[in-house]
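Hi everyone, thanks for coming. I'd like to walk you through one structure this morning, so please have a look at the screen.

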Amino acid sequence: MTESFWNRQVKRWRYRRGRMHEVQAELVRLQGGCCAICRRRRRLVVDHNHATQWVRGALCSPCNMVIGLLGDSEHVILDLYAYIHLHK
């Protein structure tokens, strides 16, 4: 899925409780029923940026929880990757 396609189809929707079922169903369809991070077929939730309220994608609960626990910090996520890579 290209970024421009993603922008046209998904990012134009704001995170609004009233439309979550519609947005979630469309995200799941666009992602082929898989989590945007781990690619596993699980029950998916809608992930959004808390600062901008833009929908980012559909994630499984474990992946969504990890992003939240890491505070949406790209630096922390990259440091986590480096740590795991160093100690594999």
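Let me start with a question: how many residues does α4 have, and how far does α4 reach from its first C-alpha to its last? It has 13 residues and reaches 18 Å, close to the 18 Å expected at 1.5 Å a residue. The expected span here is 1.5 Å times one less than the number of residues. When I say helix or strand, I mean DSSP runs, numbered from the N terminus: helices are H or I with at least four residues, and strands are E with at least two.

Before I go on, a word on the source. This is a predicted model, where local features need pLDDT of at least 70 and side-chain atom pairs count only at pLDDT 80 or more, while totals for chains, interfaces and linings use all residues. Residues are numbered from 1 along each chain as its sequence is written, and side-chain values use heavy atoms, with hydrogens and water left out.

Back to the helix. The number of buried residues in α4 is zero out of 13, so α4 lies largely in the open. Buried, by the way, is under 20% relative accessible area, exposed is over 50%, and partly exposed is in between, with a 1.4 Å probe and protein chains only. I84 is found in this helix, which spans residues 74–86, and I84 counts as exposed at 52% relative accessibility. Together, L80, Y83 and I84 make a nonpolar surface patch of about 310 Å². The areas come from the Shrake-Rupley method with a 1.4 Å probe, and for residues only the protein chains shown count as cover.

Now let's go inside. In soluble globular proteins, nonpolar side chains tend to be buried together. Here the largest nonpolar core has 11 residues, among them V23, L44, A58 and I67. A core is a set of buried Ala, Val, Leu, Ile, Met, Phe, Trp, Tyr and Cys residues joined through side-chain atoms within 4.5 Å. Which element gives the most to this core? That is β2, with four residues.

Some polar groups deserve a look too. Q31 sits in the loop between α2 and β1 and counts as buried, at 13% relative accessibility. A polar atom of the Q31 side chain lies 2.8 Å from the backbone oxygen of A58. In strand β1 we have D47, buried at 7% relative accessible area. The side chains of D47 and R56 are joined by a polar contact of 2.8 Å. That term means a pair of N or O atoms within 3.5 Å; within protein, one must be able to donate a hydrogen and the other to accept it, and residues adjacent in sequence count only if both atoms are side-chain atoms.

Finally, the loops. R39, in the loop between α2 and β1, has a positive phi of about 65° although it is not a glycine. Another non-glycine with a positive phi is D72, near 60°, in the loop between α3 and α4. The C-alpha atoms of D72 and N49 are separated by 8.3 Å, with the two residues 23 apart along the chain. N49 belongs to the loop between β1 and β2.

Methods
Patches are made of residues with over 30% relative accessible area and no salt bridge: like charges are joined within 9 Å, nonpolar side chains (Val, Leu, Ile, Met, Phe, Trp, Tyr) within 5 Å. A salt bridge is a side-chain nitrogen of Lys or Arg within 4 Å of a carboxyl oxygen of Asp or Glu.
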